[in-house]
Amino acid sequence: MMEFNFAGCWALFVKEVKRFYSVAVQTIFAPVVSTLLYLLVFGQVIDTQIEVFSGLSYSQFLIPGLVMMAILQNAFSNTSSSLIQSKMHGNLTFALLSPISPLEFYLAFIGASVIRGLAVGAGILIVGMYGFGITIDSPAWVLLFAVLSAAMMGGLGMLAGILSDKYDHLAAFQNFIIMPLTFLSGVFYSIHALPGIWQTVSHFNPFFYMVDGFRYGFFAQSDVTALMSLWVTSGFLILISSINLILLNKGVKIRK
């Protein structure tokens, strides 16, 4: 049995972190600012008109959802953009020729996507804590959902990067799958405010469980049980990881 190549995995992870950190204005600060615009617009306009959870303003309810939305979108973007760029520019070959296994390759990419997702999410959360007085009921629960969700979306980003042959394919994946599922995941509302049929539909959206479980860590209130959200999120992470590892082992669309 081959030993785990920690050095190779770590080197690829550091390379991926440096890749997005070298353009931090674009990959970290810009998403923080754009996400906070949602808070500015929705929070200021609706704050006094809606009370979703008892004792919370709408802005306070909204902030965890925006944090998770930013984590999901940026974790997905990190792996998908890195992989498609490497494929298009032809430098993916160097990573494939290195003495690292598909598992080590996968973990390095996912680790970097988690770091980027958490970095953007932390920026938004800091504003929420100091600007809107939001508090965290269970930090461990918040961190658990943030890491699991970022890892799942990093894996989904890798899947999109593997299957895409050009930037247009990746853009279609993001615009027609990731964005709708994210915006319909309960970021801006509680699903209990929806008509019955749409509440049922929401339960088939895995992003809903990530947002709802994450929000539970802040307020100890949620639309479904926190344990159910944890099981669904973990299950999708395992499923996406398994698919990616199968594709990487077979070299689907990454080995000419």
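Reply: Thr-35 sits in helix H2, which covers residues 24-46. Helices here are DSSP runs of H or I with at least four residues, strands are runs of E with at least two, and both are numbered from the N terminus. The model is predicted, so local features need pLDDT of at least 70 and side-chain atom pairs count only at pLDDT 80 or more, while totals for chains, interfaces and linings use all residues. Residues are numbered from 1 along each chain as its sequence is written, and side-chain values use heavy atoms, with hydrogens and water left out.

Thr-35 has a relative accessible area of 5%, so it is buried. The classes are buried under 20% relative accessible area, exposed over 50%, and partly exposed in between, with a 1.4 Å probe and protein chains only.

What does the side chain of Thr-35 reach? It reaches the backbone oxygen of Pro-31, at 2.7 Å. A polar contact is a pair of N or O atoms within 3.5 Å; within protein, one must be able to donate a hydrogen and the other to accept it, and residues adjacent in sequence count only if both atoms are side-chain atoms.

Now the surroundings. Set aside the neighbours within four places in sequence, and Thr-35 is in contact with Leu-66, Met-69, Ala-70 and Ile-124. Contact means heavy atoms within 4.5 Å.

Next, the chain as a whole. Residues 24 or more positions apart supply 81% of the protein's contacts with a separation of 6 or more. Buried residues are 49% of the 256 in the protein. The protein has 10 helices and 0 strands. In sequence order the pattern reads α-α-α-α-α-α-α-α-α-α. The radius of gyration is 19 Å, close to the 18 Å from the globule rule for 256 residues, so the protein is as compact as a globular protein of that length. That radius is taken over C-alpha atoms, and the rule is 2.2 Å times the number of residues to the power 0.38. The C-alpha trace spans about 60 × 35 × 35 Å along its principal axes.

Surface and charge follow. The accessible surface is about 12,400 Å², and carbon and sulfur atoms hold 70% of it. Areas come from the Shrake-Rupley method with a 1.4 Å probe. The protein has 11 positive and 10 negative charges, and their mean positions lie 17 Å apart. Lys and Arg count as positive, Asp and Glu as negative; His and chain ends are not counted.

Other positions give some contrast. Ala-140 belongs to helix H6, residues 139-163. Its relative accessible area is 59%, so Ala-140 is exposed. Ala-140 and Gly-217 are 77 residues apart in sequence, with 7.8 Å from C-alpha to C-alpha. Ser-242, in helix H10, is partly exposed at 36%. Ser-242 and Phe-6 are 236 residues apart in sequence and 21 Å apart in space, C-alpha to C-alpha.

Two backbone angles close the tour. Most residues other than glycine have a negative phi. Ala-220 has a positive phi of about 55 degrees. It is found in the loop between helix H9 (206-219) and helix H10 (226-250), and is partly exposed at 38% relative accessibility. Lys-253 also has a positive phi, near 60 degrees. Lys-253 lies in the segment after H10 and is partly exposed, at 39%.

Definitions and conventions
The place of a charge is taken as NZ of Lys, CZ of Arg, CG of Asp or CD of Glu.
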